[in-house]
Amino acid sequence: MTRRQPRIDPDGKRLPIKLDSTSNGEFEPVPLWPANLEANRLAHDAASQNSKRLSLSRRNFLTSACGAASTLLAFNTANAAAGKTGGFFDLPKDAALDQQLARAQVGPAKDEFIFDVQGHFIDRPDGRNKAGNPKGPETFIKDVFMDSDTDVMVLSFVPSTKENEPVPIEAADAVRRIVERLQGTHRLLLHGRVNPNQPGDLEAMDELKEKWGVSAWKTYTQYGPEGKGYFLSDDIGIRFIEKARKLGVKTIAIHKGLPFGSRSYEHSQCSDIGVVAKRFPDVNFLIYHSGFVSSVAEKAYSGGDGIDTLVSSLQKNSVPPGSNVYAELGSTWRFLMRDPEQAAHGMGKLIKACGESNVLWGTDSIWYGSPQDQIQAFRTFQIAPRLRDQFGYPEITPSLRAKIFGLNAAKVYGLSAADVKKYTSRDAISRERTAYLESPEPHFRTYGPKTRREFLLMQGDH
């Protein structure tokens, strides 16, 4: 396997599976733990050794399927040494040196459909924001549709006033139109940002539907004037839900978890979800981040904070699995990747409480760069048998993986995965990607803040 000299990271200093402190700007970056630092060290050592055995440069090795497999195997070794064995990346050791075997493990399954329900891009006149993050459409299309196996993505929004939106609906629509000009008509959907506790947002919902054709609404219950949030179950929230029903767009994405510090913390929790899900069975409630809190260790359900607040709300209000509440994984899975024990508990609880057909794939990219590493990690992730036996967590089977990767979201958004694949398998983006993959140049970079200083700069930027 020979390749031309790479232009990006020619010395192969960046790993294809990115474990670092990057956040999406909604929570303060969390430094890597000792096991993560050891995992990265072992992965770099393995890359040096395995690339020599295959007579490849480090960079060419790391951009291959073997590079991803080798990195995940190194993570397994470090995690096991740290006693974190509740979850693991399930692939044979030979995958580090056998390209065909590696592609079978970290590459796409036959007819795989990946629908990422939480994507973002950055758009500033000067091309960069204060944290140094690159500008939008070109980087977005390369990272999402060239360097990852993503078929469809939803462009979402951050909380803001209409006047201070980092990415206004017009800019998001412009990206959608760029993708459409590439014949990727079915590849990008839009959210409409609604903060019903600030003036004008409920009234603007008509325009979001009629002019911009939004597929769902995005709201932050912990956000509002003077830092005061709201609950979906109070008068403000009920008016919002009723307006969504009246307009016929009955899918609402709600940021829950990842609190903005102590500000309106209670509104970041999920106590209101079960209440409104039971009252409005015709509305789909997509729980973005699933209540996850980066400072709360995910363990077996105990009724505490984090993901437990979502589980508790569903149980308290007798909302069974498979109902109208969907758990979304943006930032949640990306953070849990660093600790397979927490990942096993987090994923296990969500699948049990919400149902196998009610967990949605989301990556919060491009804050984390291309979502391909999150995809490859999830393709191989498995919950250990001991935790499955002890807590009733499911095995991550190919059929369950397929549901989470895209089939569940397709149902929510009224798409046919099979029909969409017919288009995405032969549109201009697909043809361009086929040519690109002959000599791929992934960045293996992340763009969100990595330090407290960068985080505070980004907060000021927004």
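User: On a 1 Å grid over the protein atoms alone, a cavity is a set of points where a 1.4 Å probe fits but cannot get out. How many cavities of 30 Å³ or more does the structure hold?

Analyst: The structure holds two of them. Please note that this is a predicted model, in which local features need pLDDT of at least 70, side-chain atom pairs count only at pLDDT 80 or more, and totals for chains, interfaces and linings use all residues. Residues are numbered from 1 along each chain as its sequence is written, and side-chain values use heavy atoms, with hydrogens and water left out.

User: How much space lies in the largest cavity?

Analyst: The largest cavity has about 90 Å³ of space. A volume is the space filled by probe spheres set on the grid points, which are joined across faces, edges and corners.

User: And which residues line the largest cavity?

Analyst: Lining residues have an atom within 4 Å of a point. Among them are L19, D20, F27, R334, R338 and Y368. By class, the lining has seven nonpolar, two polar and three charged residues. Ala, Val, Leu, Ile, Met, Phe, Trp, Tyr, Cys and Pro count as nonpolar, Asp, Glu, Lys and Arg as charged, and the others, Gly among them, as polar.

User: New topic: how many salt bridges does a search of the whole structure find?

Analyst: The search finds 26. A salt bridge is a side-chain nitrogen of Lys or Arg within 4 Å of a carboxyl oxygen of Asp or Glu.

User: What is the distance between the closest N and O atoms of R379 and E112?

Analyst: In that salt bridge the distance is 2.5 Å. The pair links distant parts of the chain, 267 residues apart: R379 is in helix 14 (residues 372–380), and E112 is in the loop between helix 4 (99–106) and strand 2 (115–119). Helices (H or I, at least four residues) and strands (E, at least two) are DSSP runs, numbered from the N terminus.

User: Is R379 buried or exposed?

Analyst: R379 is buried, as is E112. Buried means under 20% relative accessible area, exposed over 50%, and partly exposed in between (1.4 Å probe, protein chains only).

User: Where do D45 and R41 lie?

Analyst: Both lie in helix 1 (residues 34–53), four residues apart, about one turn of the helix. D45 counts as partly exposed because its relative accessible area is 33%.

User: Why does D151 count as buried?

Analyst: D151 counts as buried because its relative accessibility is 6%. D151 forms a salt bridge with K421 (3.3 Å, N to O).

Definitions and conventions: 1 Å grid on protein atoms, 1.4 Å probe; cavity = no way out; pocket = protein on both sides within 12 Å on 5 of 7 lines; lining within 4 Å.
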